[in-house]
Amino acid sequence: MFKRFFSKKREVEIPEEIKSQEKSQPVEEVIIEKVENEATENEAVENKELETEETKFEPNKIDWLINDSILTFIPRELYMHYWDSATEKNLQDPSWQNQGVFFWNNNEPFERKSLPAFFENYEKKLFVFNEVPDYISLVSAKAIPWFGMPGEGDKYCLRYDETPITIEEANKLNIINYVKIVELNYDNLGILNDRDNYAFLFNPNEVQYQNQLFYLNGEKISLAELYQKKKLFVLSVE
């Protein structure tokens, strides 16, 4: 558990260019004054660039924070479905089916889903599975080319016998949990200490955990590197 956090440094204020107060000021003095001002401004810019570099959010600065975190790990695949509250619920309407029944892996490219282009403007709701009861099946099929899209993406849904189960029903049955990805920054590092509302997520099909070590593509890797490669996420669990 960590007891202190990094804080932002105060930005260097760049002084305004000093203007001549007297029009009759000698030319030599004006030139000297201008050169001095430019030097001051250049120094301020260099200091600001140095400050930005020093406060850059780098893996080695958060590695120990992640390692000392009390957050639990969730080895799950991350799924998503589209949602538009203005769409009327209708089990026979393909537009609603592709929001309330069908879902996708979160990293599935849009063009492989064969959906109308306006779906990209819909809300993207993320979720993970808890446990699928034996009487419910998780089924998938390849999206056929449609709407000028190539398709071939994996399209999922849940079924009881031959009856589709809506995503809303799956949530009520605690089959799924909605989550949100949280980007770490200097202002929210305290969430690494809040296991009641946050957790780490990694895809077990990509990242392996053995003997308290993580591996990616067969090679040992640190948590900070996994986070920077977007193979480890901080989740807010709803």
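Let's start with E162, which counts as exposed, at 65% relative accessibility. That label applies because exposed means over 50% relative accessible area. Keep in mind as you look around that this is a predicted model.

What does the side chain of E162 meet? It meets the side chain of R159 in a salt bridge, at 3.9 Å from N to O. R159 itself is partly exposed, with 31% relative accessibility. The general idea is simple: side chains of opposite charge can pair when their charged atoms come close.

E168 is partly exposed at 44% relative accessible area, while K172 is exposed at 66%.

The other pairs E108 with R112, at 2.7 Å from N to O. Is E108 buried or exposed? E108 is buried, since its relative accessible area is 11% and buried means under 20%.

Now for the nonpolar side of the surface. Y135, Y160 and L173 form a patch there, and together they have about 340 Å² of accessible area. Y135 belongs to the loop between β4 (123-129) and β5, and it is partly exposed, with a relative accessible area of 48%.

Over in strand β8 (residues 176-182) you'll find N177, which is partly exposed at 22% relative accessibility. N177 and F127 are 50 residues apart in sequence, yet their C-alpha atoms are 5.4 Å apart in space.

The largest pocket holds about 280 Å³ of space. It is lined by 17 residues, and those closest to its centre are N98, S114, L115, F147 and K155. Helix α3 (94-100) and strand β5 (137-142) each supply at least two residues of this lining, with α3 giving the most, four residues. Sorted by class, the lining has 10 nonpolar, four polar and three charged residues.

The second largest pocket has a volume of about 240 Å³. Its lining is made up of 13 residues, and L78, N107, N203, E206 and F233 are the closest to its centre. How does this lining divide by class? It has four nonpolar, four polar and five charged residues.

Technical notes:
Residues numbered from 1 in each chain as written. Predicted model: local features only at pLDDT ≥ 70, side-chain atom pairs only at ≥ 80, totals over all residues. Heavy atoms only, no water. 1 Å grid on protein atoms, 1.4 Å probe; cavity = no way out; pocket = protein on both sides within 12 Å on 5 of 7 lines; lining within 4 Å. Points joined across faces, edges and corners; volume = space filled by probe spheres on them. Nonpolar A, V, L, I, M, F, W, Y, C, P; charged D, E, K, R; others polar. Patch = residues over 30% accessible without salt bridge, like charges linked within 9 Å, V, L, I, M, F, W, Y side chains within 5 Å. Areas by Shrake-Rupley, 256 points an atom, 1.4 Å probe, with all protein chains shown as cover. Salt bridge = Lys/Arg side-chain N within 4 Å of Asp/Glu carboxyl O. Buried < 20%, exposed > 50% of the residue type's maximum accessible area, 1.4 Å probe, protein only.
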